[in-house]
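Student: I would like to learn how to read strands and helices in a model like this one. Could we go through it together, beginning with the sheets?

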Amino acid sequence: MAQRALDRLPDAIEGDGRLDRASHRLEQGLAFTENLLGITGGRARGFLHGVWLGHPLHPVFTDLPIGSWTTALVLDLTGQRRAARAAVGVGLAGALAAAVTGLHDWQHTHDNARRVGLVHGTLNTLAFAVYGWSWWQRGRGHHLRGRIAALAGYPVIMVSGFLGGALVYRHRIGVDHTDRRLEPRHFTRVMAEHDLAEKSPRRARAGDVEIVLVRADGRIHALENACPHLRGPLSQGWLRDGALTCPWHGSRFELSTGVSLNGPASAPVPCFQTRVRDGWIEVRRAPVAVTAPPGSALVHQQEVRP
Ligand code: FES
């Protein structure tokens, strides 16, 4: 019952096509601003997506406003005015960082996730304005006004946090979309060597796993044929500066390691070992470093036999 009531909000937002117009305008504004600031490519783009962290940067900041504003609520209840104002200020700084990184990620979402993301961002903006006013009023000595504003802003940030959760758990935004099973464990034939042209990515199957093969600079590389961002088909991508580019939103991946170079994908693409035997390309999953104690089930699961 409670679950159905909670689902109603994202359901209603997802079904509201009127949000698309506002989304489109915001996306255009964002693209224009990022072009102006020079963060559409290269390091700045990757930094905001969290490529350097191997994890989206946005969730690193989202807990700051929620935690700080919850703290402010408690400090207000116990009458600690200065500390409460400081907590509101820390929350504002975190909310600003979360907004910049969240907007940067949002522009690469689609359909229902995009609508939920738009409402999530609008509520965050509203909460930011209310808490900003609360902080300012407190600084001018109007503590009661500041406390009332904080009380009004708290439910807004809670609802927005719930929608942020829906973006992750329902729409899988920000999660790694690749298949990290350790298959195939043994070298498996996937394609005749003469069928793979230089610098021309080709799709192939290794057992149950779909892969992309790339021949470049005398080496054959094999990566999973799914972009970690939203499963874009990498075999339809192209090579640029020695890296494989996703055709959907332009993430670029190092061929030998699968590491993302610029985002929006922040996780690496799983790689496979390759060899040529009797004119056939064979691949197997690259062995995983054993980190579990000897004899444990995890070691058994990670073991890759030659
Ligand atoms: S699916 Fe978005 S960058 Fe590949």
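Tutor: Before we start, keep in mind that this is a predicted model. Two strands count as paired if DSSP finds at least two bridges between them.

Student: In which order do the strands of the open sheet lie, and which are the edge strands?

Tutor: Strands of a sheet pair through backbone hydrogen bonds, either parallel or antiparallel. Here the open sheet has three strands in the order β5-β6-β7, with antiparallel pairing. The edge strands, each pairing on one side only, are β5 (238-240) and β7 (252-254). Neighbouring strands of this sheet are turned against each other by 40 degrees on average, direction ignored.

Student: How many bridges join β6 to β7?

Tutor: Strand β6 (residues 243-245) is joined to β7 by three bridges, and T245 stands opposite R252 in β7.

Student: What does strand β9 pair with?

Tutor: Strand β1 (residues 188-192) runs antiparallel to β9 and is joined to it by four bridges, with I281 as the bridge partner of M191. Strand β8 (residues 271-277) also pairs with β9 in the antiparallel sense, over six bridges, and T274 has V283 as its bridge partner. β8 and β9 form a hairpin with two residues between them, where D278 in the turn has a positive phi of about 55 degrees.

Student: Is β9 mostly covered or mostly uncovered?

Tutor: Strand β9 (residues 280-285) is mostly covered, since five of its six residues are buried.

Student: What span should helix α7 have?

Tutor: At 1.5 Å a residue, the 27 residues of α7 (residues 143-169) should span 39 Å, which agrees with its end C-alpha atoms being 38 Å apart. The buried residues of α7 include G146, A149, A150 and G153.

Methods: Residues are numbered from 1 along each chain as its sequence is written. This is a predicted model: local features need pLDDT of at least 70, side-chain atom pairs count only at pLDDT 80 or more; totals for chains, interfaces and linings use all residues. Axes are lines fitted to C-alpha atoms, for helices over the stretch in contact, and angles run from 0 to 180 degrees between N-to-C directions. The expected span of a helix is 1.5 Å times one less than its number of residues. A residue is buried if 20 or more other C-beta atoms lie within 10 Å of its own, exposed if 12 or fewer, and partly exposed in between; C-beta atoms are placed from the backbone.
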